[in-house]
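Morning, everyone. Please have the picture open.

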Number of protein chains: 2
Amino acid sequence: MQKPEIGSSEHALVHEVDTCVRATTAPGWADRVIGYREMAEALILDIKAGNWRIGDALPTEAELVQRFGASRSTVRESLRELAAMGYIKRRQGARSILVADDPTDSFVNSVQSIGELLQYSGRTRSTLLARSEVVATGDMARRLGVVAGSRWLRLDYLRTPMRGQLPLGLSEIYVDARHADALGTIDDSLTIYRQLEQRAGLVVRRVEQSIEASTATPAMAAPLRVAPGSPLLLVRTEFITSAGEVMEVGLGHFPAGRYRMEIMLQRSGGASDIDG
Amino acid sequence: MQKPEIGSSEHALVHEVDTCVRATTAPGWADRVIGYREMAEALILDIKAGNWRIGDALPTEAELVQRFGASRSTVRESLRELAAMGYIKRRQGARSILVADDPTDSFVNSVQSIGELLQYSGRTRSTLLARSEVVATGDMARRLGVVAGSRWLRLDYLRTPMRGQLPLGLSEIYVDARHADALGTIDDSLTIYRQLEQRAGLVVRRVEQSIEASTATPAMAAPLRVAPGSPLLLVRTEFITSAGEVMEVGLGHFPAGRYRMEIMLQRSGGASDIDG
DNA sequence: AACTCGCGCTTGTCTGGACAGGTTCAACGC
DNA sequence: GCGTTGAACCTGTCCAGACAAGCGCGAGTT
């Protein structure tokens, strides 16, 4: 989490001493050693300042090497950044072309294998506590966000870190009873939703997660080893098919301090690389 | 600890011949030189063959250099490819982690104007409780995830629904003191990060959110109208520039039952939305 | 048992150099 | 005028080495 590089100045010193040469020919202003990130930022400022119009070609790599007093690799890295953000397009042999001066102001969070995060985060193991069939009645149906009266296969897991004793949390997983047969024996090396996809021929179209604070019920308190009433993170995950039907619902209960959910959103214009 | 890492048999040949000499000689020689694309392809085949499970660590760059007889740059380029395709996640200091063996299986959450959800979610209003300058000391620095000793402008908001009495939650917003001047008077119709972008010339590259459970301190309990110690949802949001510097940190505290965070992930393609 | 600290391992960033292969454009031949 | 060709220009790929910075684990402490 730390970002000690306040000015990134000590960075500069080291390299100055090390590789010297650098920028001796450059016009005076290129004194400061800058990294590819700063270089990218400087270029973006230039772009926003209107130095080039959309469709124009940016300076060649060689010119940027001169101007910033950095190596070609560094210049290329910054151009790669600009391309990833959607400002420019690159093509071998031709100079970079400015294609946008303000790439879509949207952020993207891309997740592979949802629920890895919820069920298998690498250094955790899950132990099945109970397997039962339930009918969603009033209160429970509301808690799950499903239709009252529907039938579900319920799986209770306790999640524990590989090293350490205190459990991370409890997971209740509800599988639509109509697909429970297809599930059969459960492969613990795959997520439930993946197995449903593979064996029941379902396709998850979207996943909805909601997160809120709650408290530990007496029943949960024992396996979680916390006091009843202590604060929990409640994570509900719904897996929804293209037909709009909820095929699986997961409820995760995580005591404070043991589990943290992290989401990273990245600004993206043209997610793709090079070529065209 | 280390994975014995199986398989990848035929690559041994190339390695045998050893590298260096490279294409200076005619293309007639025995084995092709492996490029980063082929290397990526080979790795994908290994992945699909099940040599590693999701969550496992791939070989280190050094090991791949050995195996393929290529330079580290080339190996890194191929790993970059795999990361872009969604097979692996990379983190400085730690080995690459396999996160998907079939990246068509990726879900995307895209959102315009993050932080709307933290500051202005349409049907809520924010009232500024306090504005102060603070220095992040030990404990607070850890809580914020910033460098100890750094200086910040702190803004305290109470968020209340348009209709209704009970407050939704408290927001502490910390703005890097170096950019606080640029902020000047705050336009309540825009998010803070947008104003920082426009007035301080910063570019937000990515946003990191972490969510966990916590408890209400006595100081929070009063304005939130809950009992001290009652469960809260703690949402931390970091706005990070392309230089990798944290320019704004937001801490949201939401009592149980009053606020729920919602995330919708959609499989490849279509846009989606987050929260409300 | 939980916490801190240090050290080794691993990835991130950067340098400087080389060749391959695509692009561009002007000179040339028809 | 028009298509071809070649050379200059430019980006793509690759190499070898170095230091910076983050991570993980074990040892020692509380």
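How many bridges join S8(A) to strand S9 of chain A? There are 9, and the two strands run antiparallel. Keep in mind that this is a predicted model.

One pair from that side is A:Leu233, which stands opposite A:Phe254 in S9(A). The hairpin of S8(A) and S9(A) has 4 residues between the strands, and A:Gly244 takes a positive phi near 85° there.

Now the other neighbour. Strand S7 of chain A, residues 204–215, is joined to S8(A) by 11 bridges, again antiparallel. As an example, A:Glu212 has A:Leu234 in S8(A) as its bridge partner.

Is S8(A) buried or exposed? Its residues are 231–241, and 11 of the 11 are buried, so the strand is largely enclosed by the rest of the structure.

Next, the side chains. In a regular strand they alternate between the two faces of the sheet. Here A:Pro231, A:Leu233, A:Val235, A:Thr237, A:Phe239 and A:Thr241 point one way from S8(A). A:Leu232, A:Leu234, A:Arg236, A:Glu238 and A:Ile240 point the other way, and all of these are buried.

B:Pro223 sits in helix H9, residues 218–224. Its relative accessibility is 28%, so B:Pro223 counts as partly exposed; buried would mean under 20%.

What does B:Pro223 touch, leaving aside neighbours within four places in sequence? The contacts are B:Leu158, B:Pro167 and B:Leu170. B:Leu158 is 65 residues away along the chain, yet the C-alpha atoms of B:Pro223 and B:Leu158 are separated by 7.8 Å.

That is what I have.

Notes:
Residues are numbered from 1 along each chain as its sequence is written. Chains are lettered from A and ligands numbered from 1 in the order in which they are written. This is a predicted model: local features need pLDDT of at least 70, side-chain atom pairs count only at pLDDT 80 or more; totals for chains, interfaces and linings use all residues. Side-chain values use heavy atoms; hydrogens and water are left out. Buried means under 20% relative accessible area, exposed over 50%, partly exposed in between (1.4 Å probe, protein chains only). Two strands pair if DSSP finds at least two bridges between them. Contact means heavy atoms within 4.5 Å.
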